[in-house]
Amino acid sequence: MRSYTVHTSPDLGPAEAAERAAFVKDGFCWPALIIPLIWLIWRRMWLGLVLYVVAASVLMAATSPLGDAIGFAAAVLFGLLFACEANNLRRWTLQRRGWTEADLSVGRSLADAEVRYFCGPTILAAGVQTRPPVRTVPDVLRPIATTAPAGRYTAGTNAIDEPPVTGLFPEKET
């Protein structure tokens, strides 16, 4: 399961903020490895773009006297490092723009994480389940939100069928 941090804009009302919430995946970012400049432009991360171009230029200038093999290895390592930290750079950019980190959501895909964020219960670190906070479900997710994953949630009530289990070999409580 992938985890996503959910960021909301303070400039918008609750319904618009839910509609435009940004879900940022934790971990490696493949587009940032393969097409970093286009990824930075697409995400409108202008300061990150400038820093990337400056860092890549300095790296090329520093490794050019050392040979092609060392320059290529340094460029590959720089690309891997950037792809590992690209989503953190995106979180930093959102924070600089005034967005707040509203919550954390997990799911097999982005769509699953969105459904869990808008419709699923919040599970605290201690394993205590609480009622989900009142959130506005965006129009895009309304068809998905009405059909919950099988065996996990009771449709329409957001109630959990079974208690959370932890450990390597969990057993259901009776």
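Author: Gladly; let us begin with burial. A residue is called buried under 20% relative accessible area, exposed over 50%, and partly exposed in between (1.4 Å probe, protein chains only). Leucine 94 counts as buried because its relative accessibility is 9%. Please keep in mind that this is a predicted model, where local features need pLDDT of at least 70 and side-chain atom pairs count only at pLDDT 80 or more, while totals for chains, interfaces and linings use all residues. Residues are numbered from 1 along each chain as its sequence is written, and side-chain values use heavy atoms, with hydrogens and water left out.

Reader: Where does leucine 94 lie, and which residues is leucine 94 in contact with, leaving aside its neighbours within four places in sequence?

Author: Helices (H or I, at least four residues) and strands (E, at least two) are DSSP runs, numbered from the N terminus. Leucine 94 belongs to helix H5, residues 68-96. Contact means heavy atoms within 4.5 Å. Beyond those sequence neighbours, leucine 94 is in contact with His7, Ala22, Val24 and Trp99. Leucine 94 is also 9.0 Å from threonine 8, C-alpha to C-alpha, although 86 residues separate the two in sequence.

Reader: Let us follow histidine 7, then. Is histidine 7 buried or exposed?

Author: Histidine 7 is buried, because its relative accessibility is 3%. This residue sits in strand S1, residues 2-8. Leaving aside neighbours within four places in sequence, its contacts include Arg91, Leu94 and Trp99. For polar contacts, look for a pair of N or O atoms within 3.5 Å; within protein, one must be able to donate a hydrogen and the other to accept it, and residues adjacent in sequence count only if both atoms are side-chain atoms. The side chain of histidine 7 makes such a contact with the side chain of threonine 5, at 2.9 Å.

Reader: How many salt bridges does a search of the whole structure find?

Author: Side chains of opposite charge can pair when their charged atoms come close. A salt bridge is a side-chain nitrogen of Lys or Arg within 4 Å of a carboxyl oxygen of Asp or Glu. The search of the whole structure finds two. One joins the side chains of aspartate 26 and arginine 91 (2.3 Å, N to O). Aspartate 26 is in the loop between strand S2 (22-25) and helix H2 (30-34), and arginine 91 is in H5, so the pair ties together parts 65 residues apart in sequence. Aspartate 26 is partly exposed at 35%, whereas arginine 91 is buried at 11%.

Reader: And what about arginine 116 and aspartate 112?

Author: Their side chains meet in a salt bridge too (3.5 Å, N to O). Both residues lie in helix H6 (residues 110-119), four residues apart, about one turn of the helix. Arginine 116 is partly exposed at 24%, while aspartate 112 is buried at 17%.

Reader: In what order do the strands of the sheet run?

Author: Two strands pair if DSSP finds at least two bridges between them. Here an open sheet of three strands has the order S2-S1-S3, with antiparallel pairing. S2 and strand S3 (100-107) are the edge strands, each pairing on one side only. S1 and S3 pair over seven bridges, and valine 6 stands opposite aspartate 103 in S3.
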